[in-house]
Amino acid sequence: MAARRVTRYLLPRFASVFQRFNSTTAPLIMKRRALYKPENLRLFATSPKSQDSVVVHFVMSDGNMQSATTKVGENLLDVIVDNDIDIEGFGACEGTLACSTCHLIFTKEDYDKIEDKPTDEELDMLDLAYGLTEMSRLGCQVIVTKEMDGLVVKVPSFVADARNPS
């Protein structure tokens, strides 16, 4: 009885799908599917990456400097995570702009190299950050450009999570 229902009701409704897939349309459909491969998709917090590499230097709260090589187009949160730079509690929201744990401090010259200006949402999160300065930005919102080669970024001595202000 169930087989009759499938044959009688479902197959006629999907007949146009089966008719569209022939030797002429198959290459077009296959090409469209190729666009959805993982290497063609972007992650939430990053922009398209290029092959150019830059070096970013992070000055820790104890004065230690750690350097990381990254590709143009990554954000600074991903640079820290990908290079295993150990910062306690850094990037707790994983780049969704829901905390201020990826707060970084730039010099005036390096701050001016950042192409994108901070959004209202970023400024709201920065208001909750520890050690806020005029040159502060959230690392998840700063995209690395070729002009940032040799960038020196200071990591604040304390990380405050805006999601848990206690």
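This is a predicted model: local features need pLDDT of at least 70, side-chain atom pairs count only at pLDDT 80 or more; totals for chains, interfaces and linings use all residues.

Trainee: What share of the contacts with a separation of 6 or more comes from residues 24 or more positions apart?

Mentor: A contact here is a pair with heavy atoms within 4.5 Å. Among contacts in the protein with a separation of 6 or more, the share from residues 24 or more positions apart is 66%.

Trainee: Now the cysteines. How many disulfides are there in the whole structure?

Mentor: Take Cys93, whose closest cysteine sulfur sits in Cys99, 3.4 Å away. A disulfide needs the two sulfurs within 2.5 Å, so that pair is too far apart for a bond. Cys99 is likewise in no disulfide, with the sulfur of Cys93 as its nearest. Searching the whole structure gives a disulfide count of zero.

Trainee: Are those two cysteines buried or exposed?

Mentor: The cut-off for buried is under 20% relative accessible area. Cys93 comes in at 9% and Cys99 at 1%. Since both values fall under the cut-off, Cys93 and Cys99 are buried.

Trainee: On to charges. How many salt bridges does the search find?

Mentor: Side chains of opposite charge can pair when their charged atoms come close. Here Lys108 pairs with Asp112, Lys113 with Asp110, and Glu122 with Arg137. The search of the whole structure puts the number at three.

Trainee: Why can Lys108 and Asp112 reach each other along the helix?

Mentor: Both belong to helix α5, residues 108-113. Lys108 is partly exposed at 44%, and Asp112 is partly exposed at 46%. They are four residues apart in the helix, so their separation is about one helical turn.

Trainee: Which elements does the Glu122 and Arg137 salt bridge tie together?

Mentor: The side chains of Glu122 and Arg137 meet at 2.7 Å, N to O. Glu122 is buried at 1%, and Arg137 is buried at 2%. The two are 15 residues apart in sequence, so the pair ties together helix α6 (residues 120-126) and strand β4 (residues 136-138).

Trainee: Which backbone oxygen does the side chain of Arg137 reach?

Mentor: Arg137 has a polar contact with the side chain of Glu122 at 2.7 Å. Setting aside neighbours within four places, its contacts include Cys102, Tyr111, Asp116 and Leu126. One of these supplies the backbone oxygen, at 2.8 Å: Asp116.

Trainee: How far apart are the C-alpha atoms of Arg137 and Met125?

Mentor: Arg137 is in strand β4, and Met125 is 12 residues away along the chain. The separation of their C-alpha atoms is 9.6 Å.

Trainee: Last one, Thr70. Which side chain does the side chain of Thr70 make a polar contact with?

Mentor: Thr70 is part of strand β2, residues 65-71, and it is buried at 5% relative accessible area. Leaving aside neighbours within four places in sequence, it is in contact with residues including Asp52, Val79 and Val144. At 3.5 Å, the polar partner of the Thr70 side chain is the side chain of Glu74.

Definitions and conventions
Residues are numbered from 1 along each chain as its sequence is written. Side-chain values use heavy atoms; hydrogens and water are left out. Buried means under 20% relative accessible area, exposed over 50%, partly exposed in between (1.4 Å probe, protein chains only). A polar contact is a pair of N or O atoms within 3.5 Å; within protein, one must be able to donate a hydrogen and the other to accept it, and residues adjacent in sequence count only if both atoms are side-chain atoms. A salt bridge is a side-chain nitrogen of Lys or Arg within 4 Å of a carboxyl oxygen of Asp or Glu.
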